[in-house]
Every structure is written in C-alpha cells, then in structure tokens.
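Work through the exercises below on charged side-chain pairs. Each task is followed by a stepwise solution.

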Amino acid sequence: MPPAEVAVHPADGPPRHELYLMCDDLDSQLGEFRAKGVEITRPVSEQRWGKLTAVRLPSGAELPLYEPLHPVAHGL
C-alpha cells in the first residue's frame with residue numbers, strides 16, 4: 001500500500017466515513033486520467049486542507065482525490 005493518513009472529526013448525526021486518494025500533483029494526475037478517458041465528476045475546489053476533486057468509478061460511484069495543502073507525515 002502507498003502511504004496514507006487518517007483524519008477523525010466529530011460530527012452531528014449518524015456515523016459516516018469517506019475515503020480520499022491523495023496525490024502530490026492533482027493537476028498532473030487529472031491530465032493523465034483525462035488522457036485515459038476517466039470522467040472527472042467535480043471541478044477542483046480548494047479547501048483549507050487541500051485541492052479536491054473526484055473521478056467516476058466503473059460502478060458509477062465517485063472516488064474523491066485530493067492534493068494536501070498541509071504538512072504530511074511522510075514524503076509523497
């Protein structure tokens with residue numbers, strides 16, 4: 001497995017989880033995905049913690065991707 005990190009945040013309502021893949025250069029990665037015909041389902045948005053988007057999986061589900069803008073515990 002590649003390096004990963006976890007974030008835990010309190011929330012109102014029932015428990016939920018989200019899985020994001022992390023990359024060191026989101027724009028470059030999206031270029032590679034587009035060249036292979038991968039559908040980008042969300043425009044890139046800048047959050048406090050990183051640049052965020054999502055791609056469409058073959059199942060039709062979305063998989064979020066992000067480029068961290070915060071220090072990470074490992075080198076990407």
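The model is predicted.

**Exercise 1.** Classify Arg-42 as buried, partly exposed or exposed, then describe its pairing with Glu-62.

Solution. 
- Step 1: Arg-42 has a relative accessibility of 31% and therefore counts as partly exposed, since that class lies between the 20% and 50% cut-offs.
- Step 2: Glu-62, at 33% relative accessible area, is partly exposed as well.
- Step 3: The side chains of Arg-42 and Glu-62 form a salt bridge, with 2.9 Å from N to O.
- Step 4: This pair connects distant parts of the chain, 20 residues apart: strand β2 (residues 40-46) holds Arg-42 and strand β4 (residues 62-68) holds Glu-62.

**Exercise 2.** Determine which elements the salt bridge between Asp-27 and Lys-51 ties together, and find the network to which these residues belong.

Solution. 
- Step 1: A salt bridge joins the side chains of Asp-27 and Lys-51 at 3.0 Å, N to O.
- Step 2: Because Asp-27 sits in helix α1 (residues 26-35) and Lys-51 in strand β3 (residues 50-56), the pair ties together parts 24 residues apart in sequence.
- Step 3: Lys-51 is buried at 16% relative accessibility, whereas Asp-27 is partly exposed at 45%.
- Step 4: A network of salt bridges links Asp-27, Lys-51 and Glu-67.

Methods:
Residues are numbered from 1 along each chain as its sequence is written. This is a predicted model: local features need pLDDT of at least 70, side-chain atom pairs count only at pLDDT 80 or more; totals for chains, interfaces and linings use all residues. Side-chain values use heavy atoms; hydrogens and water are left out. A salt bridge is a side-chain nitrogen of Lys or Arg within 4 Å of a carboxyl oxygen of Asp or Glu. Helices (H or I, at least four residues) and strands (E, at least two) are DSSP runs, numbered from the N terminus. Buried means under 20% relative accessible area, exposed over 50%, partly exposed in between (1.4 Å probe, protein chains only).
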